[in-house]
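Hi,

Here is the structure I promised to send over. Have a look, and my notes follow below.

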Amino acid sequence: MHSKGVTFVKILWFTFVNLKLGHPMEQYQNFKEKSVQGRYVTMESLAKEWLPKHDSLHWDTIGASVDGEKILGLKIGNGPTKVLMWSQMHGNESTTTKALLDFVNYLVSGETHARHLLQNCTLMMVPILNPDGAIAYTRVNANQVDLNRDAKDRSQPESRALRKLFDSFKPHYCFNLHGQRTLFSAGSVAKPATVSFLSPARDPERSVNVTRKLAMQLIVAMNQRLQQYIPGQVGRYDDGFNDNCVGDSFQMLDVPTILFEAGHYPNDYEREQTRYYIFLSLLEAVSVIADNKVEDHPFDAYLEIPENDKLFFDVLILNAHKLQDKIENGEKVGIRFVETLINQKIEFIPEIVEVGKLSGHFGHTTFDASKNTDLERMEEQGLNTLVLNINN
Ligand SMILES: [Zn+2]
């Protein structure tokens, strides 16, 4: 009788979790933090609605930035397994921050599965590690230092704050949350790397020990989940060793650390769709950790995830010689958007970066300058003038 009851509860629970994770888009809308959207995300954006809403949670000021902005950490959950995550170490990489806000909303929602996660894990989350870079919309901090190349020297207050938190919290897992540019393809195919992962190396030989393996297994779990939503759009970064990178340095200290990279989804320059896939990744990873199922995943499946390539332009123009006689027949024009902060908003300013055969490259948008309909659309986006002014 007892075991039947347990089985019944188990089936009910798994059904629930599968429902939760299998069709989460509808529910996700309930947790999505609507007060924070788009690419420009600062502490001020969080302070409008999200921070006050969660005022009663356990907040720590873990340090201050170069310009004296507070760096906040949120501790949530009572479980034995500790996970440390930090986002926006690069100030202009805000997508994972948005997903983190949504994930916190979910965790405190009182949902059965969310409560289960908090009973089994203690999470320490830093939504914006580089608040000055967030304000300026730069990768670097206010001293122009890339914090992800400062793990060894820790010359910057933000780097010291993260390391101090790492030392005091003593995490079992670390999530290093970043965003990547639109140029990355998941392998050498016309699929954008919407989400990328890396289990960083811990030595120049890039050896795979238990720590690195756990990070790989967790990535395999997230990849399995993501393939249901964005098949072929998950990539893997190469694992060249650099002990000045935070991920490598924490991995060296025997804490499985995962690099997350939020990337491009078609027509989603505001990264609101990718935000959802990062939310799903966080939910999956923490669920697997909470259930003690990390090691159930085959680590070698990690190597089957395609390695990222740089094959995308934002815009690719075919037959550009029709517009500009300096361009030869058969050559293409590759355009990338420069993300520019204008009046508290990110504008995407087109810039020609390459003219040539560009074989094996793709465009998130492709225009054919021999077609009038395409020329009209190019004109609307100011691309014709750009092509006409080449070399001028
Ligand atoms: Zn980054």
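Strand 12 (residues 332–342) and strand 13 pair in the antiparallel sense, over 11 bridges. Pairing here takes at least two DSSP bridges between the strands, and strands (E, at least two residues) and helices (H or I, at least four) are DSSP runs numbered from the N terminus.

Before you read on, this is a predicted model: local features need pLDDT of at least 70, side-chain atom pairs count only at pLDDT 80 or more, and totals for chains, interfaces and linings use all residues. Residues are numbered from 1 along each chain as its sequence is written.

Back to the sheet: it is open, has four strands in the order 13-12-11-14, and its pairing is mixed. Strand 13 (345–356) and strand 14 (362–368) are at the edges with a single partner strand each, so one side of each has no neighbour in the sheet.

Now the domains. An automatic or database assignment sets the bounds, giving domain 1 (2–309) and domain 2 (312–388). Their C-alpha centres lie 34 Å apart. Domain 1 puts 15 residues into the contact and domain 2 puts in 12 residues; contact means C-beta atoms, placed from the backbone, within 7 Å.

Finally, Met85: leaving aside neighbours within four places in sequence, Met85 is in contact with Leu100, Leu123, Met125, Phe175 and Leu177.

Cheers

How values were computed. Contact = placed C-beta atoms within 7 Å.
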